[in-house]
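The following report sets out selected local and overall features of one protein model. It is intended for a reader who has not seen this structure before.

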Amino acid sequence: MASQEQVAHLLQLLQASLSSDASTRGQAEAALAAASTSPGFGTALVAVLLAAGGEVPPGLRQLAATVLKKLVREHWTAEAPQYKGPSVAEEEKAVIREQLPTGLGDESSLVRTAVAMAVAAIARWDCPQHWPGLIPGLVQAITAKKNAHMVNGSVRCLAMFVDEQGDDQIMAISPALMPELLCILRSDEYGPSLQRKALTILHTILEVLQELASGATLADVKQLLGIILPGWLAEFGRLLSKPLDPNDSSSWGLRMEALKCMMLMVTGFSKLCAPHIGSALTAAWQMYTSSLPLYCQLVVDSEDDGEGEQDSEGECVGFDSLISQLLELVLALVGNTRYQALLAASMQQLLHLTLGYMQMTGAQVERWGGDPNLYVADEEDDFSTVRAAGEMLLEECFVAFEGEVVAPLAAAVAARLQEAAAARAAGREDWWKLREAALLAVGTVSDSLIAAAAAGGGRSALDVAGLMGAVLAEDLVPTAPPFLIGRALWVTSRLAPAIPPHQRAAFFQAAVAGLAPGSPPPVQIGACRALATLCQKAKREEVATVAPQMFAGLCRLLQSSTDEILHLVLETLTAALKAAPEAAVQWEPLISEPTLRVWVANVSDPLLSVDSRELLEALAAIPACLPSLQARMLPTLCGILAGPHQHSPILVDGAVELVTLALAPSPPDAAQRIHAAASPAILQLAMGHDDGEVLRSATAYLRTLLQVGGSAALGWPGVPDCLAALLAAVQRLLSPELEDRACSLVGALILELLRHAGPQMAPLLPGLLTALAYKLIAAEDSAMVQSLLCVLAQLLHADQQQLLDCLAGIQLSDGCSALEACMRKWCERQIEVRTAYDIRLTTAALAALLTSSHPALDLIQVKGKRLDTESGVRTRARARAQAEQWSSVPLRVRIVMLLTDAFIEATTQDEASEDDWEEAGGSEEEEQDSEQAGGPSPALGSLRSTMRRFAEAYQEDGGFDAEDLVLSGVDAREAARRAADPIQAIDIPAIVREAFQRVAAARPELMQAGSEQLTPAQLQALQQIFQQQGPAER
C-alpha cells in the first residue's frame, strides 16, 4: 500500500531523526509524528524494516521497528492505554500482519529481535481474533527447521507474547511445539540465549497446563505430559550436571529457566514427574552442594552481586539470581511430601549449605552501609534475594519436619560458628559474615526453637541459653563489626523469651549501649529491635535500671531518624513507655513534641501515622504525663480544626482522633478545658463536613465527651446549649444521604445522650425516632444497622409502651408507620448483630416484643421464608434472572423463628469452633449460591453460618472478637460499662424459654403458627425448650 516515494520520504525522515543537529532532529521527529496518521505509513515502515540485502543500514531498520511499535501503541486500537487516534485502516493492518513475520528470518539478529518485538506488540491486540494464523505459523516455522534464522526469530517472538494467549490456544499448540522446544534445548546450534527463550515458552505452557489439570481437560493434560516430561527431565538433568563456569554468564540464565520449569513440574505435576525426575534432582542437588564456593567468589566477596554480561538482547542474569532460583526449587521439594524423605537423610548438609548461602553479600554491605533505611526495609520486605530464600527454606523445613530439624540445625550453626572463628584467626576481614548468617538462621526460626526447648528436647534441642551467652560475650562487644553487633541485638529480640533472667540485665545494658551517640546505624537499629522486645518481656524493675539511658538514646534517634528507622524508633519508644511509665515523665517534652511533628508531616503514611499516634496514646495513658501532653498537643490540633478546609481530610480526621485520644483519660477539669477548646470546631465538623472518616471521628469524640463528663458536660462552658448542639449533630448524622460508614457510631452517641440527658430528651423523642427510622430503612452497612437496632433495643428495655406508641404514631413518607419499618428491618438484619452484649440486648428485646400486648404489633407482616429456592439449587445465573421471593408472615411468628435460632446459638456456642464449620462442608460462596428448599429461616440463610457467627462473636473465654468490638464502636470505657450492665448477665436460653412459655400459655395459636415455619433443626430445639419446663409448668 505504500508507494516508493512514501518509502523514500520515510527513509529521509528516519535518517534526519538521527542527526546530531537538534533542530534537524526535532523537525524530523515532528514530521514522523504527523505522518503517522497518514494512510500507508505503517506499510512503509514495514518495507523499511524488511529491506534486506544491505539496501538500508541495520540501524535505520531497527529505528523503523521502534517507530512501528509507537504506531501500534498510539494508532492501532482504541483499547490501548496510549491510544491517540486515528486508527490504522483495517486493510493496511492486514497487509502489515501478512508481511511483518517474514522479517523473523532476517540474517541480522538485531533486526530479527526488532521484528519479533513489533509482531508481539500487534499480537497482544490482534491474536488470535484478527490474526488467527500467527501462532500456528510460528509453530510451523519452528517445527519445519528450514531456516535457522526463522526458527530463532519465531522462538523469540513467541516467547514475547505467548503468556498473554488463551488457555485453549496454548493447549492446542502444545503437542506440536513442546517436542520442538526440547530439540532446541538439546542442540548446541542455537546457543544459550535462544534456548532460554524456548524454556520461557515451556514455562508458560506448564503454567497453563497446571490450570487445565482438572475436569474435562485433565485426561488430555496427563496424556501430553506423560509423553513429553521424561525427555524434558532427562535434558534438565544433563543441563544442570554441567560444571558451572564463572566466565560463562550466558549459561546462568539458561539454568535459571530450567530450574523454574522444574519447580513447576514438582509443584504441579509431582506424581507424573516422580518416575523420571531422579537424574534432574541429582543434578540439582549436586549444583546446590557445589556452587557455594563460586557463590562466595562472585557474590559474597563481590560488590556487584555476580552480575553477568549482557546477551545480544541486553538481558543479564546475575549469579545470585541463579542461586536464588536454586533455593526456591529446594524449598518446593521440602514442601512436597513426595520428596521429603530424600531430603531428610541429608538435612544437616542442607542446612549447613543454606547458612553459607545466607551470608551478607558485598553489594548488600555497601548498599545497607550507605542507606540504613534501606537496611531496615530490606530486612522486613525482602523476598527475592538468596538470603531471603534461605530464610524461607529454613522456615519451610520446620513446617515440614518440625522438631526433627532442631538437631541438624544446631549442628549446622555450631559448624558455621567454628568456621567463622577459624576465619577470624586466619586474619580474614569478612570472617563475621558466616557468624552473622548463623545468627540470622537462629533468629529466623526462633519461635520453633523456643518451643522445642520448652518441650524438653534434651540433646536434640539447640542450647539457646548457651548460644545467647556466647552472643553476649563475643558479639555484643564494641570491637565487633557493626553488622554483626546489629544482628546479635536482633537475635536478642527474637530469643528474648528464652533468655535466662540472670542474663536479661546484661542484654539490656548491651542494647542501651547500642543507642549511644556515634554508634553505627546497624547497631542502633539492632538496639531498637532488642529493646522493643525486652521491654515487653522484662519486669518493671529491670527496665527501670536502664530507663534513663534508654530514653536518652531513643529521644536522640527520634530527633534525627527518618523513614524506616523512624518507624522502628517510634515502636521502641512506645514499648519503653509502657514498660517504664514512671521514668518516662521527665522525657515527655522530648518525646511528645517531635512525635507530634512526625504525625503532622506523615499523616498519610500508613506506618508512621499509626506509630506516632500509638506513641502519643501511650504517653496519654501515663497520668503524670497527661497534662503537659495535652498542653502541647491542643494548640496544634485545634489550629487544624479551626480551618478544616485548609487541610486534607485525612489530617482533619487524624486531628479529631488525637483530641479524642487526649480527652479519653482526662479527669473532669482537664476534659472541660479540652471541651472548651475543641468541641465548637468538632461540632461544626459534624454539622458541615462531607468526609465520612471525619464525621465518624467527630461522632466518636462527642460520645467520648459524654462518657468522660457525663451529664455535667452538657453544662460546661464553651458551647452554648450543648444538648441542642449535640441533637442537631445527631439529626445530621441520621441523614439517609450520608454514607453508612460516616455515621455508624451515631447509635452509640444516641445511647450516651439517653443515659445522661434522658429526661431532657423525652419531648424530642418523636423527632429523633422519625430520623432514626428513615436512616434504618436506608442503611445497608451491618455496623450502621446494628448501631440503630441497639438504640431501639435499649429504649424497649427502658419503656416498652412509650416506644411502641411513639413509633406506631409516626407515619413515614411511604405511608407505613415507623414501627412497621423498624420491625421489618430488625427481623431482616438481626442475624448481623455482633458482640455478645449486643446479641443479648437485641435478643432480650425481641423476647419482650413477642410477649408484648401492644396491638400494633399484630398488624405487621414481615418476610418469612425464601420461596425461590424450593425448585433446587439457586445458581448465580438464576439469581441474576429472578429476584428473591419471600413469603409473608406475622411479625410475632418471625420473632419465634429468630428466638429459636438464638436459643440454638447460645446452647451450642461451647461446641462451635472454626474447624467444625470447615468440616461441615460448603464454602460461604456455595452457601450463597446453592440455597436448598426447606432450609433454615431466610434471614439466617443457613443455621450453620449463624452458629459460626455467634461462635466468632463470643470467644470461648467470654471475651469479644477485637474486630467486632471496633466495628461496633466499643472502646475501653464502653467495655467497662458493659461489664457492669445487668444485660451482660442475661441468659439467652432462659429468656427465650420464658417468652415461649408465656406465649404458649396465653396464645397457643401463635406458637403453633411459629412452629409451622421452623426447620427440623429448629423444631428439635423448640421441643428441647418445652421439655426443660419444670413440673409445675407442665
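## Cis peptide bonds in two loops

Pro 128 is placed in the loop that runs between helix H6 (109–126) and helix H7 (134–144); helices here are DSSP runs of H or I with at least four residues, numbered from the N terminus. The bond that leads from Cys 127 to Pro 128 is a cis peptide bond, and its omega is near 5°. A cis peptide bond also joins Gly 85 and Pro 86, with omega about -5°. Pro 86 belongs to the loop between helix H4 (58–75) and helix H5 (90–99).

## Basis of the model

The model is predicted, so local features require pLDDT of at least 70 and side-chain atom pairs count only at pLDDT 80 or more, while totals for chains, interfaces and linings use all residues. Residues are numbered from 1 along each chain as its sequence is written, and side-chain values use heavy atoms, leaving out hydrogens and water.

## Positive phi angles

Most residues other than glycine have a negative phi, and most peptide bonds are trans. Glu 402, although not a glycine, has a positive phi of about 55°. This residue lies in the loop between H21 and helix H22 (406–425). Glu 402 is exposed, with a relative accessible area of 56%; exposed means over 50%, buried under 20%, and partly exposed in between (1.4 Å probe, protein chains only).

Asp 563 likewise is not a glycine and has a positive phi, of about 50°. Asp 563 is found in helix H30, which covers residues 563–579.

Helix H14 spans residues 278–290, 13 residues in total. From first to last C-alpha it reaches 18 Å, close to the expected 18 Å, where the expected span is 1.5 Å times one less than the number of residues. Its buried residues are Ala 280, Leu 281, Ala 283, Ala 284, Met 287 and Tyr 288. Viewed down the axis of H14, these buried residues fall within an arc of 160°, so they line one face of the helix; the arc is that of the directions from the helix axis to the C-beta atoms.

The buried residues of H14 pack against several helices, including helix H11 (218–240), helix H16 (319–334) and helix H21 (386–401). Contact means heavy atoms within 4.5 Å.

## Glu 391 in helix H21

Helix H21 contains Glu 391. Glu 391 is partly exposed, with a relative accessible area of 23%. Not counting residues up to four places away in sequence, Glu 391 touches Met 358, Leu 440 and Thr 444. The C-alpha atoms of Glu 391 and Thr 444 are separated by 6.3 Å, although the two residues are 53 apart along the chain.

## Nonpolar core and cysteines

A nonpolar core is a set of buried Ala, Val, Leu, Ile, Met, Phe, Trp, Tyr and Cys residues joined through side-chain atoms within 4.5 Å. The largest one has 354 residues, and Trp 232, Phe 551 and Trp 826 are among those with the most contacts inside it. The largest share of this core, 11 residues, comes from H46. Among the residues that Trp 826 touches, not counting those up to four places away in sequence, are Leu 789, Leu 796, Thr 842 and Leu 849.

Cys 555 is buried, with a relative accessible area of 5%, and Cys 743 is buried with a value of 0%. Taking a disulfide as a pair of cysteine sulfur atoms within 2.5 Å, the count is 0 disulfides.
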